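Biologist: I would like to learn how to read contacts between side chains. Please take me through them slowly.

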Amino acid sequence: PDVYAAGLRLESARQRIGVARAAQLPSLSLTGAGGTQSSELRDLVNIGPQKFWNLAGGLTTPIFNGGRLRADVKVAYARYDQQLAAYEKIVLTAFKEVNATLVAYTREQERLQALREALASAEASAQTQRERYERGIGDYLGYLDAQINLMRLRSTLSAERRALVQARLNVHRALGGGWFETTE
């Protein structure tokens, strides 16, 4: 939205240049009027020889305001350059924000994948410790440690899924958001 608004401000500044340049040119104005006249109300409806036309025109040219008008054009160009610089800054900031959120999203995906692999390893370890305990080879404390590690990883994985969703929302916001598929 901010890029779009900056683009509109830039276009407005460009249009103002045209207005300032047009103010330097002579202007032509035309007016016209037409109608009917009658001393009787019933004769107003019957259009006959009582109709009249009036046309007038005028041509004005800026003679004594030339310096001010040239200065207005220069001001319009300067404001356009100012809006162009602001637009470029906003676009670069938008690219920077999108890039940062995409990098963060990619890192969250990589971290989630690493946690899934660690969880699979912890599940295998907990299974092995349980089997060792049931056979009498391992102690119960090793089995409990494996279960605690497994629960911690599951909790961390859940938090990481939330962080991934948040990173995805940040990408959506950085891209401007607001687009949805509507089904009818």
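Modeller: Start with exposure: a residue is buried under 20% relative accessible area, exposed over 50%, and partly exposed in between, using a 1.4 Å probe and protein chains only. Arginine 130, at 30% relative accessibility, is therefore partly exposed. This is a predicted model, in which local features need pLDDT of at least 70, side-chain atom pairs count only at pLDDT 80 or more, and totals for chains, interfaces and linings use all residues. Residues are numbered from 1 along each chain as its sequence is written, and side-chain values use heavy atoms, with hydrogens and water left out.

Biologist: What does arginine 130 form a salt bridge with?

Modeller: Side chains of opposite charge can pair when their charged atoms come close. The cut-off for a salt bridge is a side-chain nitrogen of Lys or Arg within 4 Å of a carboxyl oxygen of Asp or Glu. Arginine 130 pairs with glutamate 134, and their closest N and O atoms are 3.0 Å apart. Both residues lie in helix H3, 4 residues apart, about one turn of the helix. A helix here is a DSSP run of H or I with at least four residues, numbered from the N terminus. Glutamate 134 counts as exposed, at 55% relative accessibility.

Biologist: How many salt bridges does the structure hold?

Modeller: There are 5 salt bridges. One of them joins glutamate 123 and arginine 154, at 3.4 Å from N to O. That pair links distant parts of the chain, since glutamate 123 is in helix H3 and arginine 154 is in helix H4, 31 residues apart. Glutamate 123 is partly exposed at 35%, and arginine 154 is partly exposed at 37%.

Biologist: How do I read aromatic pairs?

Modeller: Rings of Phe, Tyr and Trp (its six-membered ring) pair if their centres lie within 6.5 Å; planes under 30 degrees apart are stacked, over 60 edge-to-face, and the rest tilted. The structure holds 3 aromatic pairs. In one of them, the rings of tyrosine 133 and tyrosine 140 have centres 5.0 Å apart and planes at 55 degrees, so the pair is tilted.

Biologist: Is the pair of tyrosine 133 and tyrosine 143 stacked or tilted?

Modeller: Stacked, because the planes are at 10 degrees, with ring centres 6.4 Å apart. Tyrosine 133 lies in helix H3 and tyrosine 143 in helix H4, so this pair ties together parts that are 10 residues apart in sequence. Ring pairs link Tyr133, Tyr140 and Tyr143 into a cluster.

Biologist: Is tyrosine 143 buried or exposed?

Modeller: Tyrosine 143 counts as buried, at 16% relative accessibility. Tyrosine 133, at 37%, is partly exposed.

Note on methods: Helix = DSSP H or I, 4+ residues; strand = E, 2+ residues; numbered from the N terminus.
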